[in-house]
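Look at the sequence and the structure below.

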Amino acid sequence: MPPISYKTFEIRLHGLVQGVGFRPFVYQLANEWGLKGTVSNGASGVTIRFNTDLTTASRFLEVLLRNAPTLAQITKHRLEEIKPLHFESFGIVESE
């Protein structure tokens with residue numbers, strides 16, 4: 001079995017990011033980019049986990065921040081590599 005050729009990244013967004021259409025926006029953007037992963041709401045904001053390389057993850061975050069829904073107000077964001085996870089597609093996870 002060949003080694004895993006992707007890495008898993010997590011983006012955490014804080015601020016006014018819930019109830020403004022953020023998860024559907026991320027879902028659509030991720031599918032346009034061909035990413036596999038998940039987006040979910042939690043007590044501290046929105047969490048996006050997906051498989052790709054660092055360059056693509058960084059560019060995805062830039063595009064996401066630049067094109068966020070009008071009502072969204074992102075006060076803090078973080079991108080980090082996390083332990084590898086396997087995703088078959090990109091999905092919206094119900095709120096925690």
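Rings of Phe, Tyr and Trp (its six-membered ring) count as a pair if their centres lie within 6.5 Å; planes under 30 degrees apart are called stacked, over 60 edge-to-face, and the rest tilted. By this rule there are 5 aromatic pairs. The model is a predicted one, in which local features need pLDDT of at least 70 and side-chain atom pairs count only at pLDDT 80 or more, while totals for chains, interfaces and linings use all residues. Residues are numbered from 1 along each chain as its sequence is written, and side-chain values use heavy atoms, leaving out hydrogens and water.

One of the pairs is Phe 9 with Phe 50, which is tilted, at 6.5 Å centre to centre and 35° between the planes. Phe 9 lies in strand β1 (residues 7-16) and Phe 50 in strand β3 (residues 45-52), so the pair ties together parts that are 41 residues apart in sequence. Strands (E, at least two residues) and helices (H or I, at least four) are DSSP runs, numbered from the N terminus. Phe 9 and Phe 50 are both buried, meaning under 20% relative accessible area, where exposed is over 50% and partly exposed lies in between (1.4 Å probe, protein chains only).

Phe 50 also pairs with Phe 60: the ring centres are 5.3 Å apart and the planes stand at 55°, so this pair is tilted. Phe 60 lies in helix α2 (residues 54-66) and Phe 50 in strand β3, so parts 10 residues apart in sequence are tied together. Phe 9, Trp 33, Phe 50 and Phe 60 form one aromatic cluster.

Which residues touch the most other members of the largest nonpolar core? Of its 22 residues, they are Leu 13, Phe 22, Val 26, Ile 48, Phe 50, Phe 60 and Leu 64. At least two residues of this core come from each of β1, α1 (22-33), β3 and α2. Such a core is a set of buried Ala, Val, Leu, Ile, Met, Phe, Trp, Tyr and Cys residues joined through side-chain atoms within 4.5 Å.

The strands come next. An open sheet of mixed pairing is formed by 5 strands in the order β4-β1-β3-β2-β5; two strands pair if DSSP finds at least two bridges between them. β4 (73-82) and β5 stand at the edges with a single partner strand each, so one side of each is left without a neighbour in the sheet. β1 and β4 run antiparallel and are joined by 9 bridges. Within β4, Gln 73 stands opposite Leu 16.
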